[in-house]
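Open the model in a viewer and keep the selection tool at hand. The stops below go from one selection to the next.

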Amino acid sequence: WDTQSTSPCDTILGVWKVWSDACRTVEVPVRGVITKGCECSVTPTSLDFGNVIVGDTSPSKNVTINNRSGIKGLTGKIQVLSGDFVTASSYGCCPVGNCAVFTTTPIRFSPTRLGPQTGKIVVENLVGCLGPGAGAVCYTVTVTGVGVTAMTGK
């Protein structure tokens with residue numbers, strides 16, 4: 001088999017020799033898609049930042065994204081759907097070398113208003129990672145925090 005790759009997922013699997021109607025062989029390239037399951041999970045699935053002064057930013061708390069695609073160079077999106085929470089906009093599998101199966105992503109709370117907030121952060125599957133649920137949400141992280149005013153001493 002002579003294999004070639006035109007993308008991380010599209011590979012010429014080989015050449016089949018078939019008989020034509022003139023009793024001669026014809027080579028037919030066979031193309032296929034190699035599917036690697038995403039097996040995506042995120043831990044922890046909830047974070048509480050407690051009280052943070054409006055205008056300040058909390059220390060980071062990390063979530064670990066575990067994705068066993070093994071395909072180098074792929075990235076997935078991370079989106080903050082609600083709340084004054086801040087994180088990276090994507091995660092990925094390294095472009096070269098051994099592809100780690102997990103990524104640690106910091107999340108911070110940076111309140112712009114007073115009061116409690118509950119946020120949702122969506123981690124999507126790696127783009128190009130095929131299999132069940134491909135292109136779908138890997139996991140949603142629930143984040144909470146309270147915007148407060150600075151306390152004044154008396």
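A polar contact is a pair of N or O atoms within 3.5 Å; within protein, one of them must be able to donate a hydrogen and the other to accept it. The model on screen is predicted.

Start with Ser 58, in the loop between E5 and strand E6 (61–66). Its side chain reaches the backbone nitrogen of Phe 109 at 2.8 Å. Ser 58 has a relative accessibility of 7% and so counts as buried, since buried means under 20%. Apart from neighbours within four places in sequence, Ser 58 is in contact with Phe 49, Val 52, Arg 108 and Phe 109.

Next, show the aromatic rings. The whole structure holds three aromatic pairs. In one of them, Phe 49 and Phe 85 are tilted, with 5.9 Å centre to centre and 40° between the planes. Phe 49 belongs to strand E5 and Phe 85 to strand E8 (residues 85–87), so this pair ties together parts that are 36 residues apart in sequence. Phe 85 counts as buried at 5% relative accessibility. Phe 85 also forms a stacked pair with Phe 109, at 4.7 Å centre to centre and 25° between the planes. Here the link runs from strand E8 to Phe 109 in strand E10, 24 residues apart. Phe 109 is buried, with a relative accessible area of 0%.

Now select the largest nonpolar core, which has 19 residues. Among those with the most contacts inside it are Phe 49, Ile 107, Ile 121 and Val 143. E5, E6, strand E10 (102–109), E11 and E12 each give two or more residues to this core. Pick Val 143: leaving out residues up to four places away in sequence, its contacts include Leu 47, Phe 49, Phe 85, Ile 107 and Ile 121.

Turn to the strands. E5 (residues 46–53) and E12 (residues 137–148) run parallel and are joined by six bridges; in this region Ser 46 stands opposite Thr 142 in E12. E11 (residues 115–124) and E12 run antiparallel, with ten bridges. The bridge partner of Glu 124 in E12 is Val 137.

End at Ser 41, in strand E4 (residues 41–43). At 30% relative accessibility, Ser 41 counts as partly exposed. Ser 41 and Tyr 139 are 98 residues apart in sequence, yet 6.4 Å apart in space, C-alpha to C-alpha.

Technical notes
Residues are numbered from 1 along each chain as its sequence is written. This is a predicted model: local features need pLDDT of at least 70, side-chain atom pairs count only at pLDDT 80 or more; totals for chains, interfaces and linings use all residues. Side-chain values use heavy atoms; hydrogens and water are left out. Two strands pair if DSSP finds at least two bridges between them. Helices (H or I, at least four residues) and strands (E, at least two) are DSSP runs, numbered from the N terminus. Buried means under 20% relative accessible area, exposed over 50%, partly exposed in between (1.4 Å probe, protein chains only). Contact means heavy atoms within 4.5 Å. A nonpolar core is a set of buried Ala, Val, Leu, Ile, Met, Phe, Trp, Tyr and Cys residues joined through side-chain atoms within 4.5 Å. Rings of Phe, Tyr and Trp (its six-membered ring) pair if their centres lie within 6.5 Å; planes under 30 degrees apart count as stacked, over 60 as edge-to-face and the rest as tilted.
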